[in-house]
Amino acid sequence: MTTIDKSRRRFLGTVAAGGVTLVSARPQGAGAQPAARTPRSGTAGKPAVMGGTPVRTAAFPSWPVQDSREEQALVTVLKSGKWGRGGGQSKVSAFEAQYAAATGAAHCLATANGTSALLTAVNALDIGPGDEVIVAPYTFIATVNVILARHALPVFVDTDIETFQIDARKIAAAITDRTRLIVPVHLGGSVVDMDTVMSAAAPRSIPVLEDACQSHLAQWKGRHVGSIGTAGCFSFQASKNLNSGEGGALITSDAGLAERAYAFHNNSRGQGPDAGYAAPGLNLRLTEFQAALLSAQMTRLETQSRQRETNAAYLTQQLAQIPGITPAKMYPGVTRNAYHLYMFRYDPSGFAGLPRAAFLKALRAEGVPASGGYAPLNRERFLASTFATRGYRRIYGEATLREWADRNQTPQNDRLCEQAVWLTQAMLLGPRDDMDQIVEAVRRIQQHAGDIARQSND
Ligand SMILES: Cc1ncc(COP(=O)(O)O)c(C=O)c1O
């Protein structure tokens, strides 16, 4: 655990985003090199899915980006013989200081992955059997798995279809006497309406754990995500904007929580030679290799973030002009979007009734990899099978678990899961021409949507 004092505070291979495996952007060697342009065939050309020439044959920028910085960092750790964090100064503690400074947090704890950062936080916040935890349904399963790992009950609050984020206006109505935690998820790099979340939490002083696993450097009214609630968690898994293959971090301004979190991630042992095994714990430590990689990746994070923002703003301006395409909106309080994903909604009525699956297939055929994103998490089988376990039946009783399904209807989220389209963050790291080709591909599909629909029905 690295603590920085207040005066120092300032301030795809295969692509997996949010744990969902997406269509590959074909590798193009190391680095975010501008893609070689394919001559345009124009929107009027026959769609590739119908045998025409694809709008694009060049690969989008590959991910991760690496050069001699990463190579040197890894070799230095290798030769040092110190491969695990141990006590005192380490590559891990240096990265923690760097990430705390970058997010304006007082404390940062690096962990083995984002899931373990969340698990550490949930444990340090003493969430357990019988507790209800309010959570977003539009998220990767890990957000919910850590709640279930503590035998607590997830309570899903519906999604704001316009922003793809939890609808914070609906949180207050979901709070009961048993609510012990609220987990907003800053999805896709964007940011939840944190003012409304914090107002809902305040009357009962309910802790807020920000799942910022997809939103590195994103900001709400100038404050970094993860530093607004009681604690915030990040993932450095391979698809993430900051990447060490696997890795995670917890940030907080609560010194007590930071201490409990350190002990939890360090097999119950706190900091200092006399700490002993004083608290609940597991081994969830980050290695020196991962920390060295992260510090090297940090040297590019700001520049890459700016490039994603610039390209995303242009893409939004262009795509918003196409009937049937609605880019995800941001709340006015979002002062920075990390664009881990570029997300929009697809309405078949703007495309001669062409179903989303056929649209995605046609888009991929044009050389633009895209996915439909998440399925409704609160309808997945893992919940029913968890609730069927002996432990859950004993804690909650059959009646409560049966009623759970009635309390956890999220119709807007169900709609969003049918309409969403995702592009991955590395696609935003190329030149503006790449954005133009994405737009060109969408326009071409729209122009020929009726023919594509008829062909897919044949
Ligand atoms: C929203 C969200 N929460 C939690 C996680 C879990 O992070 P990790 O895969 O590093 O365990 C992820 C990442 O995959 C995520 O996207």
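Me: How many helices and strands does the secondary structure of the protein chain come to?
Reply: This is a predicted model, in which local features need pLDDT of at least 70, side-chain atom pairs count only at pLDDT 80 or more, and totals for chains, interfaces and linings use all residues. Residues are numbered from 1 along each chain as its sequence is written, and side-chain values use heavy atoms, leaving out hydrogens and water. Helices (H or I, at least four residues) and strands (E, at least two) are DSSP runs, numbered from the N terminus. The protein chain comes to 13 helices and 18 strands.

Me: What is the radius of gyration of the protein chain, and why does the chain count as compact as a globular protein of its length?
Reply: The radius is taken over C-alpha atoms, and the globule rule is 2.2 Å times the number of residues to the power 0.38. For 458 residues the rule gives 23 Å, and the chain is close to that value, so it is as compact as a globular protein of that length. The radius of gyration of the protein chain is 23 Å.

Me: What share of the residues of the protein chain count as buried?
Reply: Buried means under 20% relative accessible area, exposed over 50%, and partly exposed in between (1.4 Å probe, protein chains only). Of the 458 residues, the buried share is 57%.

Me: Which residues is I171 in contact with, leaving aside its neighbours within four places in sequence?
Reply: Contact means heavy atoms within 4.5 Å. With those neighbours left aside, the partners of I171 are I134, V157, I166, I182, V197 and A200.

Me: Is R300 buried or exposed?
Reply: R300 has its place in helix α7 (residues 288-319). Not counting residues up to four places away in sequence, R300 touches V65, Q66, D67, R69 and E70. Because its relative accessible area is 9%, R300 is buried.

Me: How far apart in space are G256 and L319, C-alpha to C-alpha?
Reply: G256 lies in helix α6 (residues 255-265) and is partly exposed, with a relative accessible area of 29%. G256 and L319 are 63 residues apart in sequence, and their C-alpha distance in space is 47 Å.
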